[in-house]
Structures are given as structure tokens and as C-alpha cells.
Amino acid sequence: MDIGPAERSGREVLTERRAGQRRRWVRRVALMVVAVVVLGLGLRWLHWQFTHVVLDDARVGSDMTVLSSRAPGWVREIAVSPGDRVARGALLARMDARDAALAVEQYEARLAGIAARRAELEARLALVDQTSRSQHEAARARLDAARAALPSAEAERVFAEAELDRAERLSATGAATRQRLEQLRLGAESARQRVLSAGADIRNAEAMMAVALAAREEMGVITAQIEALGPQARELEVQRDRAALEVEDRTLRMPFDGVVNRVFLEPGEHVQAGQRMILVHNPANVWVDANVKETEVRHFRLGTRVTVTVDAWPGERFEGEVERLIEAATSQFALLPSANPSGNFTRITQRLPLRVRLDPAPPPGMLRPGMLARVTARADGEGIPARP
């Protein structure tokens, strides 16, 4: 059965009406879903805003070490360039140290001379010791021999004088011959001379012992001279070490494993003592410095756990804790204090600096000094209690 044109157009109108109603219903459902999602995200954002505190004024920091010259001189060599990673102890710069090196050689030569002088005096001391000991022993032996001969000579003198006296008495009676008398006189005189000789030998031996003892005294003089060389050598060693230190001061080396940030000199320039030469930092020792509003400082205490994000690394999150909180606002460190003598006053929220220690520490070189960062902490209301 054929459908007429009127009936066919009515069915099309009905179909289109139902499709329109279906599309409107889908749009309503979609709008409701979108509204629910937006409301949920908005509520979550509001909840996050009320439960977290964000510090946008934060930067990555590190110890920027300025290596300076400890002695004046001419720069001979610059061994690094900005951006180089340098190991600890590596050469950074070298200055002209020829004068100091010559001074070291001069003091070394003088120390060698003192060592030679010490060896000479020690050899002389050993020689005097041996010689004086031998002389003293020989003189003691002669003294002992002379002292042993003196009683015998004295006894012979007494006997000879007694014989002479007896012979002179007999000669007076005519019982002794003149020849015998002269022989006895000669014997008595010889005995007296032997006594005198024995006494002279004793005195000679004593004099030789005195000479040996004087030589032993000379040993004390030589020992004092050897001891006097010690302070002289120590003084020269100090001067040599000072000259060696000047040589070392003219060689600039890396104090730690770090990165060269800037080089302020070129080879051939003259520097003064204390003049900066190279700026370096340790990439393994970085932190985050931030400034917190005074109205939010209650949320940041020592040991408070925070989350750090860095603009250079989107999506990366670093954990840390508040390590240091400066007990004064940044305005107190301004070179030009903002006095208010006119009476016009605008109340501005002050900021207090704090430092965040990253725990665990990031890989060395990932965070670089000066990078912008954000510090986020929970606003749980457990800050410093208010005064009653």
C-alpha cells in the first residue's frame, strides 16, 4: 500500500522532533557532567588553597666561593673556563713564582751548609774526645808511676844521707878514706836529685792531666756550638717553608669537586693579594632560599616538610624541610632604611627569609644556583600558638 505525501511528511517531522529531544537531553546531561566536574575541580582548588601555602619568591641557592690570590704577581696560566666541572685539587690558575722558587733554593743551600758545619763539629768533637781521653789516660799512668817512684827515691835519699853522715864521723877519727867519703857524698846527691826528679815527674803528670781536662772542656764548647746550629737551622727552615708557601700560594687549585662559574682574569694580568680570580660552587650542595610573608610565617617552622618545584624541570617534585628561618624581615638588611619622618605610611606585608634543605638531595648539577622555584607547605593551623 502506497504512503501518501502528507503521511510521509508527518512521520519525518515526528522523527526530527524525537531526535531534537534526544540531542537536548544529551546536551543537558553533558552540561551537568561538565558542571559537576568543574564544581569538583573548583572545590578541590579551593580546598587546596585553604590547606596549602605557596611561596613563589624562591630560588635555588648554593655556596658561591670566590677564589682569590693570596700573593701578588703576574698570571701565567688560566687552566679552566666558565662552565667547566673540575675535580678537587685540579689546577685552576698559575702565577709567576720564580722569585719564591729561587728563595727556596737559597734557603736549601744555607741549610745544607749548616748540615755540613754540624757534621764537621761532630767529627771534631769525636776527635777531641778520643785525643783527650788518650792524653788523660797517659797522664794518669805517668802520675801513678811517678807517685810510685817517689817513696823509693825518698828512701834511697835517706839511706844515702845516713851513710854519708856515718862516713863523715868515721873520717873525723881517721877510720874512713877520703875517696869513700866523696863516693857517699855523690850517692847522697844523686839520691836527692832522684827525689826531685820524681816530684817533677808527678807535677808534669798532673800538668798533662790538667791539659787533658782542658781538652775535655773544649768538648763542651764544641757541643754548645752544635746546639747553637739547631735554632739557626730552624730559622732557615721556617724561612724556606714561608718561601715554599709563597710558591704554593701562586698556584690556585680547586678546593672541592665543583663547577667554575666565572673567570675574572686573563693570562698576563697582574693581580694583588686578595684580588678575586675565579668564582666556583659545589653542585652537590644546593638548597632553596625563599621569602615568606609575615602573615604566613606561622606555617613554616624548623623541620616543617615542604614540596619544591622548579620552573626548569616541569613535573619534577623535590621534597625538603625548613632548615633555617631568619628572625628578621628582609627590610632590616636594606642599605637604605625606609624611615617615615613625614607621617605618610603605607602598610606593606614584610617578608622573612628561610632556607629549605632538600631531602633527598637531587643529583649533582640538576639544580643550579639562581633557578626560580616554588615552595609549598600545608596550612594545617599548627603554627606557633598565639598569645592569650
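**Exercise 1. Find out how Arg-98 and Asp-96 meet, and sort each as buried or exposed.**

Start with the contact: the Arg-98 and Asp-96 side chains come together in a salt bridge, 2.9 Å from N to O. The term covers a side-chain nitrogen of Lys or Arg within 4 Å of a carboxyl oxygen of Asp or Glu. Now the cover: Arg-98 counts as exposed because its relative accessibility is 58%, while Asp-96, at 19%, counts as buried. The cut-offs are under 20% relative accessible area for buried, over 50% for exposed, and partly exposed in between (1.4 Å probe, protein chains only).

Before going on, keep in mind that this is a predicted model: local features need pLDDT of at least 70, side-chain atom pairs count only at pLDDT 80 or more, and totals for chains, interfaces and linings use all residues. Residues are numbered from 1 along each chain as its sequence is written, and side-chain values use heavy atoms, with hydrogens and water left out.

**Exercise 2. Work out where the salt bridges Glu-237 to Arg-234 and Arg-374 to Asp-311 sit in the chain.**

Take Glu-237 first: its closest N and O atoms with Arg-234 are 3.5 Å apart. Both residues belong to helix α3 (residues 178-249), three residues apart, or about one turn of the helix. Helices (H or I, at least four residues) and strands (E, at least two) are DSSP runs, numbered from the N terminus. Glu-237 is partly exposed, given its 28% relative accessibility.

Next comes Arg-374, whose side chain meets that of Asp-311 at 3.1 Å, N to O. This pair links distant parts of the chain, 63 residues apart: Arg-374 is in strand β12, and Asp-311 is in the loop between β9 (305-310) and β10 (318-325). Arg-374 has 37% relative accessibility, so it counts as partly exposed; Asp-311, at 42%, is partly exposed too.

**Exercise 3. Describe the loop between β11 and β12, using Pro-360 and Pro-364.**

Step one is the backbone: the peptide bond from Asp-359 to Pro-360 is cis, with omega near 5°. For background, most peptide bonds are trans. Pro-360 sits in the β11-β12 loop.

Step two is Pro-364, found in the loop between β11 (351-358) and β12 (372-378). With 55% relative accessibility, Pro-364 counts as exposed. Leaving aside residues up to four places away in sequence, Pro-364 touches Arg-85, Pro-283 and Ala-284, where contact means heavy atoms within 4.5 Å. The C-alpha atoms of Pro-364 and Val-286 are 8.6 Å apart, though 78 residues separate them along the chain.
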